[in-house]
Each structure stands twice: as structure tokens, then as C-alpha cells.
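Hi,

Here's the structure I promised to pass on. Have a look at it first, then read my notes below.

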Amino acid sequence: MAAAANFTTEPTMTPSPLPLIAILRGITPDEVRAHVRVLIDAGISQIEIPTNSPDWLGSVQLALQEADGHAEVGAGTVLDIADVDRLADSGARLMVTPNTNPLVIAHARSRGLDIAAGFATASEAFAAVAAGAQRLKLFPASQFGPGYVRALKAVLPADVPLYAVGGIGPGNLAEYLQAGCAGAGLGGELYRVGQDAATTAQHADAFVAALRRTNA
């Protein structure tokens with residue numbers, strides 16, 4: 001009797017999420033589903049709704065429903081512990097801050113959130129990491145430039161990803177990645193208040209294409 005053939009199945013590899021955070025500042029709950037859908041379709045799977053948007057928590061909850069596990073959804077411009085708790089209680093995981101507040105960062109870490117903490121100086125960056133931030137967000141990055149990123153990377157912990165946020169577009173994304181940034185947050189160059197989902201899709205495609213050219 002012939003021996004049975006020994007078939008091995010190669011494991012299915014899930015692609016790593018692109019290191020891009022979409023910032024939907026000013027979006028409203030009635031708009032959010034359409035924009036989340038086109039972002040995910042473009043390959044962007046980290047989505048931030050700033051707390052200074054209308055009914056930001058309602059938009060986060062709708063974004064979570066639309067993403068259905070295919071994107072990490074959360075809030076940005078998180079400034080106080082009360083909003084940390086609202087965010088964590090919603091089931092979202094991503095939290096982005098514009099500043100370095102160790103008390104807010106430490107509380108967010110205790111609630112199990114994935115924190116990208118905003119900073120401008122090396123001292124602020126080290127304080128954010130000490131408080132528990134898993135990622136760092138240089139803001140506003142365009143005011144500092146890629147040279148500043150290279151200088152920071154010489155001293156910051158190598159295992160803490162650094163994201164550039166503020167003034168990052170498809171045309172200059174590569175400069176920040178080549179300087180040492182792990183990724184970027186995409187603000188007004190991706191989405192502006194009142195913009196339709198088709199325009200968001202076009203902008204998202206341009207960012208993803210720029211990222212892939214850099215990584216090619």
C-alpha cells in the first residue's frame with residue numbers, strides 16, 4: 001500500500017498594518033462611516049478622531065462598528081483623564097495626545113490603551129516613555145524637519161516608534177521615514193472638514209503609494 005502523501009500547508013501571513021494614522025479632525029457622526037470605509041479599503045488601518053470634533057465619542061463608536069476589527073480606532077487630542085476613561089470604555093484602543101502629560105499617559109496605559117504621545121523636545125519624549133507611551137508623536141513635525149528627527153533618533157530608545165505629525169504630505173513623507181520615523185499621522189493633507197469620502201480615498205491612495213515607493 002503506497003504511503004500517504006505528506007502535504008504541508010504554508011501559514012497564511014497577515015500583512016502588517018501600514019504605519020499611517022488617519023486623523024479625521026472635525027468629522028461628524030453622520031460622515032464617519034463612509035470615510036472609515038474608504039480608508040480601510042486604501043490600506044490605512046489606524047484611525048484617529050480628535051476630541052475637538054463634534055460628538056467625537058459618537059464618531060469613535062460608529063467608526064468601531066464600521067471597522068469591525070479591520071482597523072485600530074481611537075481618539076486624538078486627548079488631554080485629560082476623563083476622556084481617557086470615555087475612550088477606553090468605548091472599546092477603542094488607540095489614543096493620541098498633542099502634548100506630554102505623564103498623568104494622562106500613565107492612566108491610559110493602566111486602561112490598556114495604545115498610546116502615541118505628542119512631544120516636541122527630547123525631555124518630553126523621555127517623560128512620555130517613562131509614563132508608559134508605546135509610541136512617540138513629534139508635533140508639529142514640519143516645524144522641526146527631518147534633521148531634527150535624525151538628531152532625536154540618536155538618543156531616543158530604538159524600540160519606541162517615532163511618528164511625524166503636522167505638515168506631512170505624500171511629497172515629504174519619504175524624507176521623514178528616511179530620517180528615522182517609523183510612520184506618520186496624516187492630518188489636513190488627508191482630510192479637511194466637509195470633504196467628501198471620494199476625496200479622502202484619493203488622498204489616502206496618494207499616501208499609501210508614497211509609503212510603498214519609499215519602502216520599495
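This is a predicted model: local features need pLDDT of at least 70, side-chain atom pairs count only at pLDDT 80 or more; totals for chains, interfaces and linings use all residues.

Let's start with Asp-83, which counts as buried at 13% relative accessibility (buried means under 20% relative accessible area, exposed over 50%, and partly exposed in between, using a 1.4 Å probe and protein chains only). Arg-86 counts as partly exposed, at 40% relative accessibility. The side chains of these two, Arg-86 and Asp-83, meet in a salt bridge at 2.5 Å, N to O (that is, a side-chain nitrogen of Lys or Arg within 4 Å of a carboxyl oxygen of Asp or Glu). Both residues lie in helix H3, 3 residues apart, which is about one turn of the helix.

Residues are numbered from 1 along each chain as its sequence is written, and side-chain values use heavy atoms, with hydrogens and water left out. Helices (H or I, at least four residues) and strands (E, at least two) are DSSP runs, numbered from the N terminus.

Back to the charges. A search of the whole structure finds 9 salt bridges. Glu-72 is buried, with a relative accessible area of 16%, and its side chain meets that of Arg-93 in a salt bridge (3.1 Å, N to O). That pair links distant parts of the chain: Glu-72 is in strand S3 and Arg-93 in the loop between helix H3 (81-90) and strand S4 (94-96), 21 residues apart. Glu-72 also forms a salt bridge with Arg-135, with the closest N and O atoms 3.4 Å apart. Arg-135 lies in strand S6 (residues 135-138) and Glu-72 in S3, so this pair ties together parts that are 63 residues apart in sequence. There's a network of salt bridges too, linking Arg-33, Arg-37, Asp-41 and Glu-66.

Now find strand S2 (residues 46-50), where 5 of its 5 residues are buried. Gln-46, Glu-48 and Pro-50 point one way, and Ile-47 and Ile-49 the other. In a regular strand the side chains alternate between the two faces of the sheet.

What joins S2 to strand S3 (residues 72-76)? The answer is 5 bridges, and the two strands run parallel (strands pair if DSSP finds at least two bridges between them). Ile-49, for instance, has Ala-75 as its bridge partner in S3.
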